[in-house]
Amino acid sequence: MKKTLAVILSMLMLVLMAVPAMAAEVCPTDGCGAALLYMTVAPNCTEDGYTSWKCAICGYEEKTDIVPALGHAYGAYEFVEGDCTHDSYDHAYCVVCGAEDKQNVVVADGHNFTSREYVGVTCTVAEHYLLTCADCGATEIEKVLGGQPYTGHDMKLISAPKTCADAAVEVRECTKCGFTSEKAVNAIACVDADADDTCDVCTNKMPVEEEPHGFYAQIIKWISEIIEAFKAFLAAIKGDSLF
């Protein structure tokens, strides 16, 4: 056992002697002398690579082993056709970082409005001129100085549910331009606050309440009748009371 341990120690000493000694980088700042921490940064398309040495004690920093930026590696160029408001150009993207490169740029000249049509006032649009581009067909509105503003719709009810119990669509139409709008109307219970047997909302005759059906409904009806009879009995006793 001792012989084996001695052999292992001898081999370890030989390995340590074979490894060359590496001198640690120390901070060159006067009076500091702390060990420098280093970090290697690889280059990319636009920024250099380097090794950064920094002192955690005094903040000293130095960059060494500078590697120039690699530059973009663009793929095949493609032509992009513009229009009146967008430029035309050839462009490609870097296969490494995705940056775009544009070449042979032709700046857009803008619209070529050759048509100028007068449009009178409507319910929703003020008096104006409609300009049309001869190259792309785009339109643009030109205001009339001191022109008449739009008037707004004059909506009239032309179709509505006949009673409150109907769930239907309420339709209104503009008397000036014919524009129509629809609004869903939910069914509601008729209201007769003045007790004249006429609904205060739809002015129709109040619906007749149906008698309850079924076994449980009949039981509820019997209970209601018993309660009403008991109330009448109490009222009769109270009427005969001497107090």
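**Reading the chain**

Analyst: E1 and strand E2 (residues 49-54) run antiparallel and are joined by five bridges. Strands (E, at least two residues) and helices (H or I, at least four) are DSSP runs, numbered from the N terminus. Two strands pair if DSSP finds at least two bridges between them. In this pair, methionine 39 stands opposite serine 52 in E2. This is a predicted model: local features need pLDDT of at least 70, side-chain atom pairs count only at pLDDT 80 or more, and totals for chains, interfaces and linings use all residues. Residues are numbered from 1 along each chain as its sequence is written, and side-chain values use heavy atoms, with hydrogens and water left out.

User: How many buried residues does strand E1 have?

Analyst: First, the term. Buried means under 20% relative accessible area, exposed over 50%, and partly exposed in between (1.4 Å probe, protein chains only). Strand E1 (residues 37-41) has five residues, and the count of buried ones is zero. The strand is hardly covered.

User: Which helices and strands does the whole chain have, and in what pattern?

Analyst: The chain has two helices and twelve strands. Its pattern along the sequence is α-β-β-β-β-β-β-β-β-β-β-β-β-α.

User: What share of the 243 residues is buried?

Analyst: The buried share is 12% of the 243 residues. The chain exposes about 19,100 Å², by the Shrake-Rupley method with a 1.4 Å probe; for residues, only the protein chains shown count as cover. Carbon and sulfur atoms supply 59% of that area.

User: Which residues make up the largest nonpolar core?

Analyst: A nonpolar core is a set of buried Ala, Val, Leu, Ile, Met, Phe, Trp, Tyr and Cys residues joined through side-chain atoms within 4.5 Å. Here the largest one has five residues: Cys27, Ala34, Leu36, Trp53 and Cys55. Contact means heavy atoms within 4.5 Å. Leaving out residues up to four places away in sequence, cysteine 55 touches Cys27, Cys32, Ala34, Leu36 and Tyr60.

User: How do I read a sheet? In what order do E4, E5 and E6 stand?

Analyst: The order is E4-E5-E6, an open sheet of three strands with antiparallel pairing. Strand E4 (78-80) and E6 are the edge strands, each pairing on one side only. Neighbouring strands are turned by 25° against each other on average, direction ignored. Such angles use axes fitted as lines to C-alpha atoms, for helices over the stretch in contact, and run from 0 to 180 degrees between N-to-C directions. E4 and E5 share three bridges, and phenylalanine 79 stands opposite aspartate 90 in E5.

User: Is histidine 91 buried or exposed?

Analyst: Histidine 91 lies in strand E5 (residues 88-93). It counts as buried because its relative accessibility is 10%. Its side chain makes a polar contact with the side chain of glutamate 100 at 2.8 Å. A polar contact is a pair of N or O atoms within 3.5 Å; within protein, one must be able to donate a hydrogen and the other to accept it, and residues adjacent in sequence count only if both atoms are side-chain atoms. Beyond four places in sequence, histidine 91 touches residues including Ala76, Tyr77 and Lys102.

User: Where does histidine 128 lie?

Analyst: Histidine 128 lies in strand E8 (residues 128-133). It is buried because its relative accessibility is 7%. Its side chain reaches the backbone oxygen of alanine 126 at 2.8 Å.

User: What is the phi of asparagine 104?

Analyst: Most residues other than glycine have a negative phi. Asparagine 104 has a positive phi, near 55°. It sits in strand E6 (residues 100-106) and is exposed, at 57% relative accessibility. Aspartate 197 also has a positive phi, near 65°. Its place is the loop between strand E12 (180-185) and helix H2 (215-240). At 36% relative accessibility, aspartate 197 is partly exposed.
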